[in-house]
Structure formats: C-alpha cells, structure tokens
Amino acid sequence: MLADSPLSPLTDRDLADAVVAGGAEWAFRELYARHTPRVFQLIRRMIGGERADAEDILQDVWIQAVRALPQFRWEATFSTWLTGIAINQTRTWWRRRGARPFDDLDERALIARDLPLAQRLDLEAALAQLPAGRRTVLVLHDIEGLTHEEIADRLGVAVGTSKSQLFAARRAMRAYLEPAATRGSAASGEPRCAPFPKTT
Amino acid sequence: MRTIPEDDMNDADRAAYAGLAHAQDPGRAVEDRIVLALKDRGLLYGGRPGHGAMWWVRLAAACLVLFGGGVALGEYHGERRGEQRLAGARGTDVLEAAMFVQQTGSAYVEAVARFSEISASGRDTAHAQQGREVAVSVMEAAATELHQVAPDDPVTARLLDAIAAGRVGNPQRSAPIVRRVIY
C-alpha cells in the first residue's frame, strides 16, 4: 500500500493540509502520485477494464476527495479513505447506467464459455468478463484484501451476498482458466452453454 | 437454506491473484486533466503559467464584483423568502449550519409524519402519490449534498442506490437529481 512515501519526508497528512490550506498544486500532485496507481487499478477492475470510464471515475474521486478533505478526521489512513470514495464513485457510475450488479442471480453466468487460449491465460481479461457484482467482490476480497464485513458495509449488501458472489466468482474464474481439454469441449470449438453475459 | 462456504480459495487461486498488478499509472495526461478540473472548481491554485500580480489583482476585482452582486441578489431573495430562512442560510460557522440542518431536518420529518398520517386515510390518492415523490426527492437531494461532504460514506451511497433502484421501471421519475437547493 502506498501510504506515506519513504522518498518524501512529508506525510499524507502534511500534503493534505497543504492542499486544504492553500490549494497547493505541488502537494496535490504528490498525493496523486502516491495513491492514484492503486486506486485507478481498483476502479478499472471493478468496472471491467474500460479505461476511459475509469479515468472519468478517477477524476470524480479526486474532486470529491479534495472537496471533502477539510472534513477528513484521519481516523483511517488516507489510502483507506480514498478507496472508500473510489468504491462509492463506482457505485454512482453503476447507478447512472441503471446497473444493479448485486441483483444478478442468473446461474448461467456461473458457467464459462470457451475462450481463446491467449485470453484464457489472461487473468485480467477473465476478470473483466465476470458480471459486475461478482467481479467487484472478488477484486475487493481476493485482490484488495477486504473482509466480507467490510465489503458488505462498503457496497450496501448483506454479508451473505458478498460470500455468495465471491463463491460464484471463484467458480467462474476457475471455469475460465482451466485448460479447455479438461472440459471436453475444445474439439468442437463451440460454446457449451449460453454466452457469458457481460454486465456492467 | 443454502450454505455458502466461507473460503474455497485454493493455492492456485492465491498464486494467480498474487501475480496481478496492484497499481497502474493512468499517465500524465490524466493527471493534468484532473489538476485542471480541480483548478476550474477553485480547489487548487498555483502552477499555472502567466498568472502574475496583475492577474491576481484582476481576479480580486472580479471576486469583489461577484461578491457584491451575490450580496445584492441574496438581499433581494431574502426579502421575498422571509427573514427566518435567510438567517439560517447565512449561517457561517459549522455549529450554526449544523443547528440549521437539525431544525429544518426536524421540520422535514415532522411534515412527512403529518403527511403520512393524513394520507393513510386513503382519500386523496393522487396527491398522496405526489407527496411521496416530493418527500423522496427532498431526501435524495439531501443525500446528494451529504455525499459531497462525506464521499466515502457507505450509508449515503446505499440510500442513493435504494432511491435509484426504486425508479427502475418508472421513467417519469428517472431524472437524476444532481444538486438542488430546496427552499
């Protein structure tokens, strides 16, 4: 986690104070450089890899963060706080698109179609193919290290929903990534089930 | 009831996810775009070439003109909207503003309770529907404002999600409320 950079004597709080007190661009750029790469990667994964959308969300995240900095009490780390904003902004993005990622109960989504080998080996591509709700929970739990309770709180879902989405996401990911030969359908080259629905 | 396994992550999963990058730099162009967006909103200053002393003098003069205009406009509206409301809206310190939120919030809750009591009789369903929509719109506008203050707050986000979900299938109510001042 990129919290207070060892390369700079200034802490996140020093930089944030400079932004709040005088709108210091240099301090903002330093904060931005420390935290953006991780937050941007998280946003991209949650929305399924669309770069332009992730950039728009990232901009909204920083605008919200700088606006709210005077109210930030530093009870959590800056990184945790910013992650919370990023998750909320991603939810706003879903909302604007009318997406309801945690209402997807389509069991067909659990079964993978045959993907080209190169794509099957690409974990990021496989992640991007997951339905949004499952992808988000998997990213937050297995990659970002949040607990089910934290995920439930952040996403406004039940703990059980977080667990079931993760269970389904892992199953889908394994189905994607397992060698086609072991599934017995590689020879035909035909999908063995309905196309994997990509939702946002 | 179906039981969900607590953790079915295996070593292969762990190895695969551990190899994923945790960071990705969006590039300098995105950084500059965001800095510019923050400057346009008055949240950042400095670093823009060509802003000499004269530029700041002009900016100060423009601010004075805007401020004067704002005061005049505020007084004009104040006369029309009543002394009490204006006094609340003028609150400059946090405590005063918080008290104003409490007072108007209590008034809102009281009004909704009264509306609920009357509409429960089921006599005027058309106006009852309208009243419900107004109550939800005001709540949404308040949640949107709160989201500005605490953008990481999951409760506010959940409320906005729930309101948005309630609109599904009702296109007449689908216009998003971005920012609205309610008098």
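## Aromatic pairs, salt bridges and the A–B interface

Over all chains, the count comes to nine aromatic pairs, where rings of Phe, Tyr and Trp (its six-membered ring) pair if their centres lie within 6.5 Å, with planes under 30 degrees apart counted as stacked, over 60 as edge-to-face and the rest as tilted. Keep in mind that this is a predicted model, in which local features need pLDDT of at least 70 and side-chain atom pairs count only at pLDDT 80 or more, while totals for chains, interfaces and linings use all residues. Residues are numbered from 1 along each chain as its sequence is written, chains are lettered from A in the order in which they are written, and side-chain values use heavy atoms, with hydrogens and water left out.

Let us begin with the rings. A pair of aromatic rings is described by the distance of the centres and the angle of the planes. Tyr32(A) and Trp62(A) make a tilted pair, 5.8 Å from centre to centre with 35 degrees between the planes. Tyr32(A) sits in helix H2 of chain A and Trp62(A) in helix H3 (residues 51-68) of chain A, so this pair ties together parts that are 30 residues apart in sequence. Both Tyr32(A) and Trp62(A) are buried (under 20% relative accessible area; exposed is over 50% and partly exposed in between, with a 1.4 Å probe and protein chains only). Phe72(A) and Trp81(A) are stacked, because their ring centres are 4.4 Å apart and their planes meet at 15 degrees. Phe72(A) is buried at 11% relative accessibility, and Trp81(A) is buried at 6%. One aromatic cluster takes in Phe28(A), Tyr32(A), Trp62(A), Phe72(A), Trp74(A), Phe78(A) and Trp81(A).

Now for the fold around these rings. Chain A has nine helices and zero strands; here helices (H or I, at least four residues) and strands (E, at least two) are DSSP runs, numbered from the N terminus. Of the 200 residues in chain A, 58% are buried. Among contacts (heavy atoms within 4.5 Å) with a separation of 6 or more in chain A, 68% join residues 24 or more positions apart.

In soluble globular proteins, nonpolar side chains tend to be buried together. The largest nonpolar core here has 67 residues, and those with the most contacts inside it are Phe28(A), Leu58(A), Trp62(A) and Phe78(A). Helix H2 (residues 25-47) of chain A gives the largest share of this core, ten residues. Such a core is a set of buried Ala, Val, Leu, Ile, Met, Phe, Trp, Tyr and Cys residues joined through side-chain atoms within 4.5 Å. Leaving aside residues up to four places away in sequence, Leu58(A) touches residues of chain A including Tyr32(A), Val39(A) and Ile43(A), and from chain B Pro26(B), Val30(B) and Ile34(B).

Charged side chains come next. The whole structure holds 17 salt bridges over all chains, each being a side-chain nitrogen of Lys or Arg within 4 Å of a carboxyl oxygen of Asp or Glu. Four of them are set out here.

| Asp12(A) | Arg34(A) | 2.8 Å |

Asp12(A) lies in helix H1 (residues 12-22) of chain A and Arg34(A) in helix H2 of chain A, so their bridge ties together parts 22 residues apart in sequence. Asp12(A) is buried at 4% relative accessibility, and Arg34(A) is buried at 5%. Glu124(A), in helix H6 (residues 123-129) of chain A, and Arg45(A), in helix H2 of chain A, link distant parts of the chain, 79 residues apart. Glu124(A) is partly exposed at 29%, whereas Arg45(A) is buried at 4%. Glu55(A) and Arg51(A) both lie in helix H3 of chain A, four residues apart, about one turn of the helix. Glu55(A) is buried at 14%, while Arg51(A) is partly exposed at 31%. Through shared partners, salt bridges join Glu25(A), Arg29(A), Arg28(B), Glu31(B), Asp32(B) and Lys39(B) into one network.

That brings us to the interface. Here 54 residues of chain A are in contact with 50 residues of chain B. The area buried between the two chains is about 4,800 Å², of which carbon and sulfur atoms give 54%; buried area is the accessible area (1.4 Å probe) that two parts lose on being put together, summed over both. Glu25(A), Arg29(A) and Arg95(A) supply 13% of the area that chain A buries against chain B, more than any other three residues. Between chain A and chain B the count is seven salt bridges.
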